[in-house]
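Have the viewer open while you read.

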Amino acid sequence: MRVEEQEEQAEVGEVSPIRSGAEAGGDERLRRWRLVLGGDEADGTGRQLAGQDAAMDKALTSLYGGEPGRGRPDARGTRTAGLGTSAPNIARWLGDIRSYFPSSVVQVMQRDAIDRLGLSALLLEPEMLEAVEPDVHLVGTLLSLNKAMPETTKETARAVVRKVVEELEKKLATRTRATLTGALDRSARVARPRHHDIDWNRTIAANLKHYLPEYRTVVPERLVGYGRASQAVKKDVVLCIDQSGSMAASVVYASVFGAVLASMRSIRTRLVVFDTAVADLTDQLDDPVDVLFGTQLGGGTDINRALAYCQSQITRPAETVVVLISDLYEGGIRDEMLKRVAAMKASGVQFVTLLALSDEGAPAYDREHAAALAALGAPAFACTPDLFPDVMAAALEKRPLPIPDAGADTGGGMANRI
């Protein structure tokens with residue numbers, strides 16, 4: 001192969017075998033910096049792009065740096081977007097980024113395009129929906145546009161939402177069922193357990209007075225064990241979900257978890273969504289897509305009214321877990337909200353407050369209300385979907401909730417602890 005051909009390949013990202021490792025590494029670093037910085041003048045790197053690198057740079061510039069060939073601030077000092085409002089141009093751009101970048105990056109770029117360029121209206125076109133990479137955030141955007149969506153687009157939108165929901169169910173359902181089934185079994189104590197069902201820690205603690213020093217052993221006169229699983233309803237779970245616009249991702253995950261819980265015969269699940277009004281979507285729990293399209297993201301918030309409804313549906317307080325998922329920005333009567341929480345806890349209800357149920361990081365929330373709930377013994381925190389089964393298991397067993405320290409990475413959950 002001729003040297004000229006080797007150098008030409010190096011220009012499109014292939015390393016020439018005649019170059020040293022150090023030279024190749026330096027060239028790759030310059031290439032990456034050039035793609036990060038953008039700009040017609042290569043922003044001081046001296047690196048020119050060709051081939052696929054140039055195409056990738058064009059796609060990035062269209063979103064983050066202005067129209068291709070410009071990349072300069074306008075007269076007001078702001079950078080303008082380069083996709084325009086043409087659906088064909090945007091559809092072509094969506095296809096390009098799916099070719100150049102991995103799925104996780106595509107989802108971030110799509111989200112940025114919707115936020116930065118105001119492309120929400122174009123998602124009402126079926127052709128556009130077919131071109132996008134579905135994810136939780138896209139579902140949230142589609143749900144916020146639900147009322148404005150033309151009939152010709154709704155079926156396509158449902159297909160997009162269903163694809164995301166099915167992927168989430170596949171990821172979350174098995175572990176959730178296994179974790180909660182174990183918690184339900186452990187929550188039912190029996191006095192004559194089978195050998196494999198003995199809870200040795202509790203059995204030893206209950207028989208310490210029968211310790212024989214000469215034999216250095218405990219004689220277990222009373223065995224404590226786990227109950228066996230049965231088809232009877234053991235626990236009631238009420239999911240009370242804030243459907244204000246800031247809670248979009250949490251609504252998606254909560255709806256999926258609601259469907260998973262509803263599929264377990266030993267748990268009676270109720271799903272309630274609210275803004276300034278309250279809607280009981282329990283009868284739609286067999287299909288989380290129907291649940292999601294039954295929500296209406298946006299509007300105000302009346303937590304007190306939602307909790308009043310949930311409280312009216314509780315028939316077995318000692319066997320009930322209420323999960324409030326909200327950023328706690330209350331538009332209703334604050335004191336009444338706190339009184340309801342206090343009354344439910346006094347009756348034996350396990351009350352859990354989640355500021356968010358998503359992977360989005362620490363949310364914005366009303367710290368005063370969160371502190372007031374914590375004072376009532378209902379600490380407010382945010383958790384990821386991976387942590388949610390453990391939180392529910394602890395609530396079902398009436399043991400302390402696994403609340404991570406604020407800002408700590410605990411391998412599955414993040415939290416703002418109050």
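K398 sits in the segment after α15 (388–397). Helices and strands here are DSSP runs, H or I over at least four residues for helices and E over at least two for strands, numbered from the N terminus. The phi of K398 is near 60°, which is a positive value in a residue other than glycine. K398 is partly exposed, with a relative accessible area of 42%. For the burial words, buried is under 20% relative accessible area, exposed is over 50%, and partly exposed is in between (1.4 Å probe, protein chains only).

A word on provenance: this is a predicted model, local features need pLDDT of at least 70, side-chain atom pairs count only at pLDDT 80 or more, and totals for chains, interfaces and linings use all residues. Residues are numbered from 1 along each chain as its sequence is written, and side-chain values use heavy atoms, with hydrogens and water left out.

**The chain overall**

There are 15 helices and 10 strands in the chain. Of its 418 residues, 46% are buried. The chain exposes about 20600 Å², and carbon and sulfur atoms supply 50% of that area (Shrake-Rupley method, 1.4 Å probe; for residues, only the protein chains shown count as cover). Taking contacts (heavy atoms within 4.5 Å) between residues at least 6 apart in sequence, 70% join residues at least 24 apart.

**Cores and cysteines**

In soluble globular proteins, nonpolar side chains tend to be buried together. A nonpolar core is counted here as a set of buried Ala, Val, Leu, Ile, Met, Phe, Trp, Tyr and Cys residues joined through side-chain atoms within 4.5 Å. The largest one has 75 residues, and L142, V323 and F388 touch the most other members. Helix α8 (residues 151–187) gives the most to this core, with 10 residues.

What does V323 contact, leaving aside its neighbours within four places in sequence? The list is V238, L239, C240, V352, L354, F388 and M392. There's also a second, separate core of 27 residues, which includes V238, L307, L338 and A370.

How many disulfides are there? With a disulfide taken as a pair of cysteine sulfur atoms within 2.5 Å, the count is zero. C240 is in no disulfide, and its nearest cysteine sulfur, that of C310, is 3.7 Å away. That separation is too far for a bond. C240 is buried at 0% relative accessible area, and C310 is buried at 0% as well.

**A positive phi and a loop histidine**

R216 is found in the loop between β2 and β3 (217–218). Its phi is near 55°, again a positive value in a residue other than glycine, and R216 counts as exposed at 72% relative accessibility.

H210 lies in the loop between α9 (200–206) and β2 (211–212). Buried or exposed? At 19% relative accessibility, H210 counts as buried. Leaving aside neighbours within four places in sequence, H210 contacts T217, V218, V219 and E221. The C-alpha atoms of H210 and P220 are 7.2 Å apart, though the two residues are 10 residues apart along the chain.

**Salt bridges**

The structure holds 13 salt bridges, each one a side-chain nitrogen of Lys or Arg within 4 Å of a carboxyl oxygen of Asp or Glu. Here are some of them:

| Pair | N to O distance |
|---|---|
| K154 and E151 | 3.5 Å |
| D302 and R305 | 3.9 Å |
| R334 and D335 | 3.5 Å |

K154 and E151 are three residues apart in helix α8, so about one helical turn separates them. K154 is partly exposed at 25% relative accessibility, whereas E151 is exposed at 60%. In the next pair, D302 is buried with a relative accessible area of 15%, while R305 is partly exposed at 47%. For the last pair, R334 is partly exposed at 26% and D335 is partly exposed at 47%.

**A nonpolar patch**

Which residues make the nonpolar surface patch of about 330 Å²? They are W33, V36 and L37. Patches are made of residues with over 30% relative accessible area and no salt bridge; like charges are joined within 9 Å, and nonpolar side chains (Val, Leu, Ile, Met, Phe, Trp, Tyr) within 5 Å. V36 lies in helix α2 (residues 21–37) and is exposed, with a relative accessible area of 62%.
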